[in-house]
Amino acid sequence: MMRTFTRVAVATLTCVSLTACLFAAADPVTRRDAARLQAKLDKITKNGSGTRAVAARTAISEAELNSYLRFELGDRIPAGVKDPWVSILDDNRVSGRAVVDLSQVAQSKKSGAVLDPWNLVGGSLPLEVDGVLRTKNGIGTFGVQSVSISGVPVPSWMLQGIVSYYSKSSSTPQGVSLDKPFELPAGIREIQLGRGQAIVVQ
């Protein structure tokens, strides 16, 4: 259950484990905040195994999330994705940034055509994604609003190619599809996002 929660959290709030940012101009991360979030995740998992007359609400701060990404998930983030950071904004919006190695992605996607956009990318470059996370009745969706590489806007299908490449596993050989609804784990009904904070409702 915890593994499922971690996969969903990273995949959605960071755009399937990519979503992230450069640490400049960001709040510092701490091991204390990472441990605080781990305790909250344990509580969420425990809540998911029982029945409740009143909804359980667990607040997770942006600092806790990013500290957890750095100190607890660092060795589980795919090789080629560095410096993950997530900004939680108003109205269920999130912004994720990371430095991503695009060389292997581009190599696997190139069609050989002269005007193939994948011919234009390579090396480790900053990737930024803005989107909206919507959750209701235990189901979540992530809508991409904008994508840029090194500050240059790119189409969302390029993001899907990057996410597919880095999220492949034995259970998802084609990788994660960004436009596919997903089930929230641990009896989570919805995740409410406000500036700097997410509230998990069970």
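Okay, let's start with Val129, which is buried, at a relative accessible area of 2%. Buried means under 20% relative accessible area, exposed means over 50%, and partly exposed is in between, with a 1.4 Å probe and protein chains only. Val129 sits in strand β4. Strands here are DSSP runs of E of at least two residues, helices are runs of H or I of at least four, and both are numbered from the N terminus. Ser95 is 34 residues away from Val129 along the chain, yet their C-alpha atoms are 5.7 Å apart.

Quick note on where this comes from: it's a predicted model, where local features need pLDDT of at least 70 and side-chain atom pairs pLDDT 80 or more, while totals for chains, interfaces and linings use all residues. Residues are numbered from 1 along each chain as its sequence is written, and side-chain values use heavy atoms, leaving out hydrogens and water.

Now, helix α5, residues 156-166. Which residues are buried in it? Met158, Leu159, Gly161, Ile162, Val163, Ser164 and Tyr166. Those buried residues pack against β2 (81-88), β3 (93-101), α4 (103-109), β4 (124-136) and β5 (139-149), where contact means heavy atoms within 4.5 Å.

Most residues other than glycine have a negative phi. Asp83, in strand β2, has a positive phi of about 55° and is not a glycine. Asp91 also has a positive phi of about 55°, and it's in the loop between β2 and β3. Is each one buried or exposed? Asp83 is partly exposed, at 34% relative accessible area, whereas Asp91 is exposed, at 62%.

Last stop, the open sheet. Three strands make it up, in the order β1-β9-β8, with antiparallel pairing; two strands pair if DSSP finds at least two bridges between them. The edge strands, β1 (57-61) and β8 (190-194), each pair on one side only. From one strand to the next, the twist averages 20°. Between β8 and β9 (residues 197-201) there are five bridges, and Gly194 has Gln197 in β9 as its bridge partner. Helix α2, residues 31-48, lies across β1 and β9, at about 155° to β1. For those angles, axes are lines fitted to C-alpha atoms, for helices over the stretch in contact, and the angles run from 0 to 180 degrees between N-to-C directions.
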